[in-house]
Amino acid sequence: MSNYNLLIKKIKKQFLSINDHIESYFNKIKYFKSNYKKILFKRDNGLILGTGILVILTLSYFLIPTFYNKEIIQLQIKNQIFKNYNIEIKFNEKINYGLLPKPHFSAKNLSIYRGEKEVGVAKNLRINVGLSKFFSINKIDMEDLIFNKTDFNISVKDVVFFRDLLKTEPNDNKIIFKKSNIFFKNKDDEVLFINKINNSEFFYDSNKLQNILTSK
């Protein structure tokens, strides 16, 4: 009988403990509802809230280009590349916007032309963009161009494509070719030899005061 009474006491004690926890939980909720403004704007909590707002605003700013009209942006990129480097391109697929490693637009299977002849196809083109015109809807500040896995099919007549690149007006940006190939062909369209490009950069050297084309 004594063991039974002891068991009943333990059960009652546990029940009271659970009840106290539940009551405490609901009391905290009531306290938060009554004092949420004070809690949110305490120094520490205000700092957390301010940091959260800053992060959200920063991300929102960087994501503005996702709302741009992609057709207008494609036309702008095409015109700027032709104006700056005398390179004519054709978008075969829609461009996409990316945030990392820095804000950029990218395009796949992009065609490169010299006149009416297609001299190259880039599996991927990345156009890094500056931050100065994010609020100028449908306008971009184009920076470095990175052509990745580009296959050039050129003949002797098309070699001027690279020579003309060196004659373009100086600017602060680069053109980078990565993991690419140049297929040199004869007049019968037969491949004479292949030149591999692991990493080639075109840029203006402010020390030498001339355009430079390096290859690795």
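Where does D189 lie? D189 is in the loop between β6 and β7.

## Basis of the model

The model is predicted: local features need pLDDT of at least 70, side-chain atom pairs count only at pLDDT 80 or more, and totals for chains, interfaces and linings use all residues. Residues are numbered from 1 along each chain as its sequence is written, and side-chain values use heavy atoms, with hydrogens and water left out.

## Overall architecture

The protein contains four helices and eight strands. Helices (H or I, at least four residues) and strands (E, at least two) are DSSP runs numbered from the N terminus. Read from the N terminus, the order of elements is α-α-α-β-β-β-β-β-α-β-β-β.

Of the 216 residues, 31% count as buried. Buried means under 20% relative accessible area, exposed means over 50%, and partly exposed lies in between (1.4 Å probe, protein chains only). The accessible areas come from the Shrake-Rupley method with a 1.4 Å probe, and for residues only the protein chains shown count as cover.

## Strands β5 and β6

Strand β5 (residues 142-154) and strand β6 run parallel and are joined by eight bridges. Two strands are taken to pair if DSSP finds at least two bridges between them. Within this pairing, D151 stands opposite N181 in β6.

Strand β6 covers residues 175-185 and includes K179. Eight of the 11 residues of β6 are buried, so the strand is largely enclosed by the rest of the structure. K179 itself is exposed, with a relative accessible area of 59%.

## Positive surface patch

K179 belongs to a surface patch of positive charge in which K123, K149, K178 and K179 gather. Patches are made of residues with over 30% relative accessible area and no salt bridge; like charges are joined within 9 Å, and nonpolar side chains (Val, Leu, Ile, Met, Phe, Trp, Tyr) within 5 Å. Lys and Arg count as positive and Asp and Glu as negative, while His and the chain ends are not counted. The place of a charge is taken as NZ of Lys, CZ of Arg, CG of Asp or CD of Glu.

K149, a member of this patch, is placed in strand β5. K149 is partly exposed at 41% relative accessible area. Its phi is near 55°, a positive value in a residue other than glycine.

## Salt bridges

A salt bridge is a side-chain nitrogen of Lys or Arg within 4 Å of a carboxyl oxygen of Asp or Glu. By this rule there are six salt bridges. R114, K117 and D158 are linked in a network of them.

D158 and R114 meet through their side chains at 3.2 Å, N to O. D158 lies in the loop between β5 and α4 (160-165) and R114 in strand β3 (residues 104-114), so this pair ties together parts that are 44 residues apart in sequence. D158 also forms a salt bridge with K117, with the closest N and O atoms 2.5 Å apart. That pair again links distant parts of the chain, since K117 is in strand β4 (residues 117-129), 41 residues from D158. D158 is buried, with a relative accessible area of 2%, whereas R114 is partly exposed at 35% and K117 is partly exposed at 37%.

Another salt bridge is formed by R163 and D164, whose closest N and O atoms are 3.9 Å apart. R163 is partly exposed at 46% relative accessibility, and D164 is partly exposed at 27%.

## Loops and backbone features

F91 lies in the loop between β1 (88-90) and β2 (96-98). At 16% relative accessibility, F91 counts as buried. The C-alpha atoms of F91 and Q74 are separated by 7.5 Å, and these residues are 17 residues apart along the chain. In the loop between β2 and β3 lies P101, which a cis peptide bond joins to L100, with omega about 0°.

The loop between β6 and β7 (191-205) holds K187. K187 is exposed, with a relative accessible area of 84%. The C-alpha atoms of K187 and K157, 30 residues apart along the chain, are separated by 9.6 Å. D189, in the loop between β6 and β7, has a phi near 65°, a positive value in a residue other than glycine. At 54% relative accessibility, D189 counts as exposed.
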